[in-house]
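Please walk me through this structure one feature at a time.

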Amino acid sequence: MAKVIVDEMHPQVVSMSYSWWRVALIGAAIGIAFWTLTFLVSHFIVDQLFCRSTVNALACSNSIGLSGNIATILVATAGLAILVRLRVMRPLIVAVAAAIVLWGLAGWTNGLAWGEIAFWSAFLYSLSYVLFSWISRYSRTIPVLISAALVVLIARIVLAVW
């Protein structure tokens, strides 16, 4: 029979405490990073590749939306790494669900002043990270997945109608 050896010197305990303000700050930082990356990708990559000729006029007219979608993928990856580092429960669900809900945020904020875009990006990312990290606190995985999927579905339907 196998003998279980417990190492009491270096415990690796996942924190069960929920620090919503820390997750909110991470979400706000991710939102600011989203705004910054959208601007940088739009001006230095998408506009430079697609907007030099009139052949790609459709891609050029949607450069903010395309840049925002690229930035969403990049900040979701960065958010996942940060949430893993801070040992948030089920960080993949939080990062992916927030990315799906906020897909198209650059198009929603297109035309606003830069301060308003930064505020709404930080606020919405913070709100979505807190919401999905709160849902992910439950100890069983299947109910968490179902709840997160329902919230994502409802949010996408509301955003499509609105």
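**Reading a helical model**

A: The buried residues of helix α4 are Pro 91, Ile 93, Val 94, Ala 95, Ala 97, Ala 98, Ala 99 and Val 101. Buried means under 20% relative accessible area, exposed over 50%, and partly exposed in between (1.4 Å probe, protein chains only). The model is predicted: local features need pLDDT of at least 70, side-chain atom pairs count only at pLDDT 80 or more, and totals for chains, interfaces and linings use all residues. Residues are numbered from 1 along each chain as its sequence is written, and side-chain values use heavy atoms, with hydrogens and water left out.

Q: How many of the residues of helix α4 are buried, and against what do they pack?

A: Eight of the 11 residues of α4 (residues 91–101) are buried, so this helix is largely enclosed by the rest of the structure. Its buried residues pack against α3 (63–85), α5, α6 and α7. Packing is read here from contact, which means heavy atoms within 4.5 Å.

Q: How many helices and strands are there in the protein?

A: Helices (H or I, at least four residues) and strands (E, at least two) are DSSP runs, numbered from the N terminus. The protein has seven helices and zero strands, so the order from the N terminus on reads α-α-α-α-α-α-α.

Q: What share of the protein counts as buried, and what makes up its accessible surface?

A: Of the 162 residues, 33% count as buried. The accessible surface comes to about 10,600 Å², and 72% of that belongs to carbon and sulfur atoms. Accessible areas come from the Shrake-Rupley method with a 1.4 Å probe; for residues, only the protein chains shown count as cover.

Q: What share of the contacts joins residues at least 24 apart in sequence?

A: Among contacts between residues at least 6 apart in sequence, 73% join residues at least 24 apart. One case of separation along the chain is Trp 108 and Leu 159: they are 51 residues apart in sequence and 10.0 Å apart in space, C-alpha to C-alpha. Trp 108 sits in helix α5 (residues 105–108). At 38% relative accessibility, Trp 108 counts as partly exposed. Not counting residues up to four places away in sequence, Trp 108 touches Val 101, Leu 102, Trp 103, Arg 156 and Leu 159.

Q: At what angle do helices α6 and α7 pack?

A: Axes are lines fitted to C-alpha atoms, for helices over the stretch in contact, and angles run from 0 to 180 degrees between N-to-C directions. Helix α6 (residues 114–135) and helix α7 (residues 141–161) pack at about 150°, with their axes 9 Å apart. That makes α6 roughly antiparallel to α7. Angles under 35 degrees count as roughly parallel, over 145 as roughly antiparallel, 65 to 115 as roughly perpendicular and the rest as oblique.

Q: Which residues meet between α6 and α7?

A: From α6, Leu 131, Phe 132 and Ile 135 meet Val 144, Ser 147, Ala 148, Val 151 and Val 152 of α7. By class, this contact has seven nonpolar, one polar and no charged residues. Ala, Val, Leu, Ile, Met, Phe, Trp, Tyr, Cys and Pro count as nonpolar, Asp, Glu, Lys and Arg as charged, and the others, Gly among them, as polar.

Q: Is Ser 121 buried or exposed?

A: Ser 121, in helix α6, is buried, with a relative accessible area of 0%. Its side chain reaches the backbone oxygen of Ile 117 at 2.8 Å. Not counting residues up to four places away in sequence, Ser 121 touches Gly 31, Phe 34, Trp 35 and Leu 105.

Q: What is Ser 126 in contact with?

A: Ser 126 also has its place in α6 and is buried, with a relative accessible area of 14%. Leaving aside neighbours within four places in sequence, Ser 126 is in contact with Ala 24, Gly 27 and Ala 28.

Q: Where is Arg 87, and what is its phi?

A: Arg 87 is in the loop between α3 and α4. Its phi is near 60°, a positive value in a residue other than glycine. Arg 87 is partly exposed, with a relative accessible area of 41%. Arg 90 lies in the loop between α3 and α4, and its phi is near 50°, also positive in a residue other than glycine. Arg 90 is buried, with a relative accessible area of 16%.

Notes. A polar contact is a pair of N or O atoms within 3.5 Å; within protein, one must be able to donate a hydrogen and the other to accept it, and residues adjacent in sequence count only if both atoms are side-chain atoms.
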